[in-house]
Amino acid sequence: MRLNSLKVTDFRNLESAELTPSPVLTVICGPNGQGKTNLLESIWLLTGGKSFRGSKDAELIRREAPFAVLEADFTAGDRDQSLRLTVGGRDTKRPGRTARLNGVDRGRAASVAGTFTAVVFDPNHLSLVKGGPEGRRRFLDAALCQLYPGYLTALRRYARTVAQKNALLKAYDITPGAGMMLDTFNEALSVCGADLMARRAAYLERLAPAAAQNYRDISSGAETLAVRYQPTCEPGPAALARKLEEVRSAELRAGFCLAGPHREDMEIDIDGQPGRIYGSQGQQRSAVLSLKLAEASVAGEILGEHPVMLLDDVLSELDDSRQAYLLTRIEDKQTFVTTCDSAAFARTNGKLVFVRGGKVSETPFEGAAVPAAMPAEGPDRHREGA
């Protein structure tokens with residue numbers, strides 16, 4: 001997977017920007033608040049997924065602009081393709097995110113999920129370890145949506161059925177035929193939910209050992225990481241149906257659905273202890289990096305090509321040895337990294353891109369610091385490799 005070019009119009013503070021990235025490492029440099037992460041986010045949206053910053057679509061459009069447009073040329077499966085993503089405001093004919101792939105209207109952006117694949121690391125992803133179960137479920141679902149396009153359809157069907165069941169539970173006493181309707185919802189949830197659970201379990205079987213090995217390498221063997229799936233029940237529709245029947249009375253009292261994939265978790269332990277409680281900030285960051293690197297490697301195995309890596313402020317709070325490990329792992333893979341201080345990348349041959357005030361340039365702005373080993377001009381900037 002490789003992004004060849006990107007054109008951004010009216011996206012957040014980026015009024016008009018063009019990017020021709022390196023086939024390997026592109027370092028996006030600039031002070032805080034200038035648009036580095038916005039540029040990274042625009043690349044992520046090409047996956048068809050929602051903003052990794054949790055933003056609503058309307059918040060992605062530059063102030064006073066009616067819509068934002070992202071245009072990209074990329075190579076996937078040895079085939080050159082083009083993608084145009086439009087983010088429309090509420091007053092436009094097509095609000096939300098819509099996509100055209102190779103000139104063909106594909107409707108909602110989610111329809112192109114799995115066409116352009118990427119893995120993103122953002123400082124807020126520390127919540128993957130120290131936050132609640134919702135973030136860990138979202139991590140699994142986002143990865144699976146890129147790997148298996150049918151997963152998104154099943155996930156939406158399940159979420160819609162849970163919402164309908166919750167509405168019924170809230171009005172159970174005043175709804176004619178409520179018991180029969182609840183049986184129908186539970187039957188649908190047991191089938192659809194079991195499918196989601198099976199996908200999650202199979203994915204974690206591949207992800208967990210890869211993440212554990214990454215963490216051992218990052219910590220030079222001094223620490224361990226264990227990732228375990230915590231399912232609602234045993235696998236299969238019959239087991240989930242039994243679980244839903246077990247909690248039926250409790251659900252009627254609570255007024256909402258208490259069992260199923262939307263209530264599951266993924267346990268993350270560091271040195272045998274819950275990482276969210278006992279892990280230091282550095283350990284939690286290393287755990288997230290281990291998971292993200294594992295996500296990328298598993299995607300590469302399944303899809304036959306490595307996804308694009310998007311790393312936002314990734315070297316913060318990592319010591320020298322962990323920084324060196326990470327820089328080694330991104331060799332020969334197209335990677336975009338944002339940084340306020342490009343000196344950390346002086347030992348690489350990545351391509352420097354500068355962002356200031358929503359402007360993107362391949363030449364440094366006045367006063368920008370450029371490490372001597374990473375020239376701002378000349379053919380050496382574009383060499384591949386680490």
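**Helices and sheets in a predicted model**

Biologist: In this predicted model, at what angle do the axes of helix α5 and helix α6 cross, and what is the resulting orientation called?
Modeller: The axes of helix α5 (residues 178-218) and helix α6 (residues 237-246) come within 8 Å and cross at roughly 130°.

Biologist: How do the residues of the contact of α5 with α6 divide into nonpolar, polar and charged?
Modeller: On the α5 side, the residues that meet α6 include Leu189, Val191, Ala194 and Met197, while Pro237, Leu240, Ala241 and Leu244 take part from α6. Asn186, Ser190 and Gly193 of α5 also belong to this contact, and Gly is counted among the polar residues. The contact therefore divides into 8 nonpolar, 3 polar and no charged.

Biologist: Which strands stand at the edges of the open sheet of 3 strands?
Modeller: The order of this antiparallel sheet is β9-β10-β11, and β10 (residues 265-270) pairs with β11 over 2 bridges, in the antiparallel sense. A strand with a single partner has one side left without a neighbour in the sheet, so the strands at the edges are β9 (225-230) and β11 (273-274).

Biologist: Which helices lie across β9 and β10?
Modeller: One of them runs at about 175° to β9, and another, covering residues 281-303, runs at about 125° to β10. The helix described by its angle to β9 is α5, and the helix described by its angle to β10 is α9.

Biologist: Is the pair formed by the rings of Phe74 and Phe116 stacked or edge-to-face?
Modeller: The count comes to 1 aromatic pair, and this pair links distant parts of the chain, with Phe74 in strand β4 (residues 67-76) and Phe116 in the loop between β7 and β8, 42 residues apart. The ring centres are 5.4 Å apart, and planes over 60 degrees apart count as edge-to-face. The planes of Phe74 and Phe116 stand at 80°, so the pair is edge-to-face.

Terms used. Residues are numbered from 1 along each chain as its sequence is written. This is a predicted model: local features need pLDDT of at least 70, side-chain atom pairs count only at pLDDT 80 or more; totals for chains, interfaces and linings use all residues. Side-chain values use heavy atoms; hydrogens and water are left out. Axes are lines fitted to C-alpha atoms, for helices over the stretch in contact, and angles run from 0 to 180 degrees between N-to-C directions. Helices (H or I, at least four residues) and strands (E, at least two) are DSSP runs, numbered from the N terminus. Contact means heavy atoms within 4.5 Å. Two strands pair if DSSP finds at least two bridges between them. Rings of Phe, Tyr and Trp (its six-membered ring) pair if their centres lie within 6.5 Å; planes under 30 degrees apart count as stacked, over 60 as edge-to-face and the rest as tilted.
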